[in-house]
Amino acid sequence: MGLFDLLNYKTLDFAFARVRGPIAGFSAREPIPRDSLDVVLVDVDDESWRLIPYSWPYPRDAVWARVVRNLTDAGARVIAFDMEFDVPDKKSNDLEELNRQGYDIEFHHGDDVLAEAIRYAQSKGTRIVLASKLVSEPTRMPPEYIQYPVDRLMAADPEPALINEIKDFDGTTRKYAMFYELHHEPGRWYLPLSLKALKEYHNVSDTTLPEIAPDRSVVHYGPYNIVSYGKSATFLVNFYGPPSGSSIPGEPAWKTYDRYPLSNVLDDAEFDLRYMEEDSDWMDFFKLDSDLYGFVGESPFLNKIVLIGVSVNVLLDVKTTPYYNYAGIQQLMPGVEYHANAVQTVVDGNYIKVAGGAIELNADSMLTNLLIISLLAFITFLLIERLSPVLGGLVVLVQILFFVDIALGFFTADFFWLPKLAGAYLLPRAWLEAAAAFFTIGTPAIGGSTFVPIVPGIAAIGLTYGSNVLYRFILEQRDKHFLKDTFGTYISPELIDQMYEEKQMPTLGGESGVRTAYFTDIASFSSFSEVLSASKLVELLNEYLTAMTDILLEYQGTLDKYEGDAIVAFFGAPIYFEDHPYRGLVVALKMQEMLGTLRDKWSSEGDKWPELVSGMRMRIGINTGDLVTGNMGSRTRMNYTMMGDVVNTAARLEASAKQYGIYVQTTVPTLELAGPDKFDWRFIDKVKVMGKSEAVEAVEIMAYKDELPEDLREMKDLYDEGMELYRNQQWDEAQAKFRASEKMEEVFPKRPTTPSKVYIERCDYFKENPPGDDWDGSWSLTAK
């Protein structure tokens with residue numbers, strides 16, 4: 001037995017206690033009339049334990065013989081004891097021992113008195129069934145035997161019956177044996193207490209034996225056709241409700257069966273109960289030949305099967321049944337009530353059918369379980385095939401709830417039990433009372449309960465969903481690995497994830513579109529190689545390139561390649577985003593900030609680095625326009641890169657920045673796309689770079705908007721005024737402004753020039769070489 005079977009059994013318990021609930025007694029929703037219940041319980045409960053003036057085991061002459069006679073006089077049809085009389089009466093044994101010691105005490109042996117009561121009952125037409133037990137002792141030969149009542153009782157010819165219990169592997173009692181067979185006596189069947197009581201109830205002949213149907217699904221015995229469980233000699237007990245309950249105030253009394261304390265049955269005119277000054281002689285009102293009969297109604301024992309047992313806790317004859325946790329109360333069922341439920345199940349023909357024949361996963365149930373699994377797995381696949389895991393999970397949850405509702409609906413004959421049960425927990429009490437008829441879960445007709453195991457179905461749904469999610473995950477990881485293998489050295493992992501999520505797979509080959517090209521280069525890098533060893537140069541470059549690349553990837557830039565100290569990159573491919581020009585300019589400023597941090601770090605490291613390192617500067621050229629990106633190269637060796645005139649211009653902008661002494665240079669169209677109001681910038685030139693016939697309007701990105709220091713802002717204002725005069729060919733006035741701004745330009749070692757100085761010299765040139773009235777403001781560079 002495994003987890004699969006355990007969960008199925010627990011589902012059956014849930015169906016009893018939470019879905020269907022009781023089907024007989026006043027606690028039932030649609031109670032079966034009391035007179036249709038053929039079983040009455042008499043038990044040694046807590047009240048009897050207190051009131052009966054004898055200690056346990058009760059003397060058979062004073063107690064049990066009187067019980068038999070009183071129930072016989074009250075019209076009981078069958079009296080069946082769920083307690084063993086397999087040893088002689090203790091009181092009589094004690095008296096015999098005293099006589100052996102020399103006392104001369106006259107007494108009637110308790111077993112003889114009880115035997116005489118049994119004969120009296122049988123003379124009145126009441127049949128007596130006494131408990132016996134199938135015992136197994138491995139060291140005995142034969143190891144199995146029947147432990148009968150003592151010979152004095154058997155001499156009265158009662159009917160012995162077995163009271164053995166069948167427990168499932170989880171310790172819960174759900175099944176009942178139809179007959180027992182000893183290994184050394186094949187073909188001889190011994191009946192359990194319930195069937196023996198019914199045999200006597202219907203006067204079935206001793207020669208009548210149970211007949212097993214050819215398919216072993218039904219056992220015919222007397223007037224009953226008992227539906228077997230899993231083609232075995234057992235059947236599932238259809239428990240009619242929780243334990244009938246205690247007579248003690250405060251403890252639950254469910255009254256599934258009519259139940260009477262043993263003290264009541266003893267209470268007649270000749271028997272005095274303990275602790276009661278004047279008892280009621282209750283039993284005299286129900287003796288058929290009594291003058292008092294009829295004063296309080298008909299005898300509750302008339303023509304009934306009376307089962308006698310114990311429920312008092314100290315005697316420990318209790319069972320764990322599916323109603324163990326009914327109504328939130330843990331309650332064990334007295335053994336006698338276990339037999340009562342078995343009797344009533346057979347009398348009513350109220351058998352529980354199981355889809356597949358067995359709750360366990362075995363050869364008999366395999367086909368049915370496979371059909372359920374296959375059908376639900378197929379339906380689940382159709383439902384979730386095109387859904388996301390989250391939405392698919394919600395659909396699967398609804399599907400499971402629907403399946404559970406339908407499957408257990410066969411047990412209670414109400415296919416809306418689940419919403420009704422949910423409503424009982426979730427809706428206000430007033431609503432429930434107003435719609436009580438709707439929210440009452442239906443009760444199945446006699447024999448109308450079919451248990452459909454839900455564990456295979458839920459497992460099929462869950463495994464199908466889990467397999468689908470796992471399969472998608474594997475495909476996703478495969479696709480992501482492909483993307484990472486192809487682009488992992490160019491773009492950030494986050495961008496790869498975004499590419500996958502948005503299904504924007506790059507086109508192998510070339511893809512044209514508006515993108516932003518990005519070039520960086522360390523100023524005067526050849527000087528570094530002259531003063532640093534190869535290992536130091538590699539260490540420096542690795543630290544520098546790592547820091548800059550991290551910034552690039554943080555803003556979803558794509559790394560094209562490293563060319564020595566240069567970084568070649570672009571924005572907007574393979575994943576396109578509208579703000580790629582803005583990201584390019586932000587990355588440029590972030591890189592310049594990071595370089596400042598690195599310079600401070602290198603300076604703090606003392607003699608590790610020469611002064612040249614702590615003065616490192618980087619030039620950046622950025623240009624936006626139509627270019628081609630894609631995997632380019634040979635079939636065996638490809639590189640994801642960019643091509644186009646826009647790329648060449650970006651490279652020229654980076655190189656030409658040296659001639660102006662600036663470090664972030666871009667074009668006016670790029671700035672306009674990024675947002676001129678987001679940065680502090682100044683116009684540099686309308687320049688025709690080497691290899692280009694068309695002039696490019698270049699600007700310097702100085703800082704984020706409103707983050708430029710005050711002195712540099714004043715410098716920029718003077719510079720902008722000079723630039724306006726320069727465009728109007730007012731050379732002297734422009735030169736004066738440039739001289740003023742030059743004094744405020746940022747000064748640091750190795751800066752080759754400044755834009756202000758460039759224009760001071762340019763004004764001198766145009767004074768001697770006027771450009772003419774048709775001049776468009778452009779300037780041709782003579783070097784890269």
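Start with Ala-115, which belongs to helix H5, the stretch of residues 110-123. The model you are looking at is a predicted one. Is Ala-115 buried or exposed? Ala-115 has a relative accessible area of 1%, and since buried means under 20%, Ala-115 counts as buried. Once neighbours within four places in sequence are set aside, Ala-115 is in contact with Arg-152, Leu-153 and Ala-156.

Next, look for Thr-256, in the loop that runs between strand S12 (234-236) and strand S13 (258-261). Thr-256 is buried, at 0% relative accessibility.

Now move along to Thr-754, placed in the loop between helix H24 (731-742) and helix H25 (755-768). Thr-754 is buried as well, with a relative accessible area of 6%. Not counting residues up to four places away in sequence, Thr-754 touches Tyr-660, Glu-742 and Glu-745. With Glu-742 there is a polar contact, side chain to side chain, at 2.4 Å.

| Residue | Relative accessible area |
|---|---|
| Ala-115 | 1% |
| Thr-256 | 0% |
| Thr-754 | 6% |

With these places in mind, step back to the chain. Its secondary structure comes to 25 helices and 27 strands. Why is the chain described as more spread out than a compact globule? The radius of gyration is 49 Å, whereas the globule rule gives 28 Å for 784 residues; the chain is well over that value and therefore more spread out than a compact globule. Along the principal axes, the C-alpha trace spans about 155 × 60 × 60 Å.

Buried residues account for 50% of the 784 residues. Taking contacts between residues at least 6 apart in sequence, 69% join residues at least 24 apart.

Finally, consider the surface and the charges. The chain exposes about 36,700 Å², and carbon and sulfur atoms supply 55% of that area. There are 74 positive and 114 negative side chains, with the centres of the two sets 5 Å apart.

Methods. Residues numbered from 1 in each chain as written. Predicted model: local features only at pLDDT ≥ 70, side-chain atom pairs only at ≥ 80, totals over all residues. Heavy atoms only, no water. Helix = DSSP H or I, 4+ residues; strand = E, 2+ residues; numbered from the N terminus. Rg over C-alpha atoms; globule rule 2.2 N^0.38 Å. Buried < 20%, exposed > 50% of the residue type's maximum accessible area, 1.4 Å probe, protein only. Contact = heavy atoms within 4.5 Å. Areas by Shrake-Rupley, 256 points an atom, 1.4 Å probe, with all protein chains shown as cover. Lys, Arg positive; Asp, Glu negative; His and termini not counted. Charge placed at Lys NZ, Arg CZ, Asp CG, Glu CD. Polar contact = N/O pair within 3.5 Å; in protein donor to acceptor, adjacent residues only side chain to side chain.
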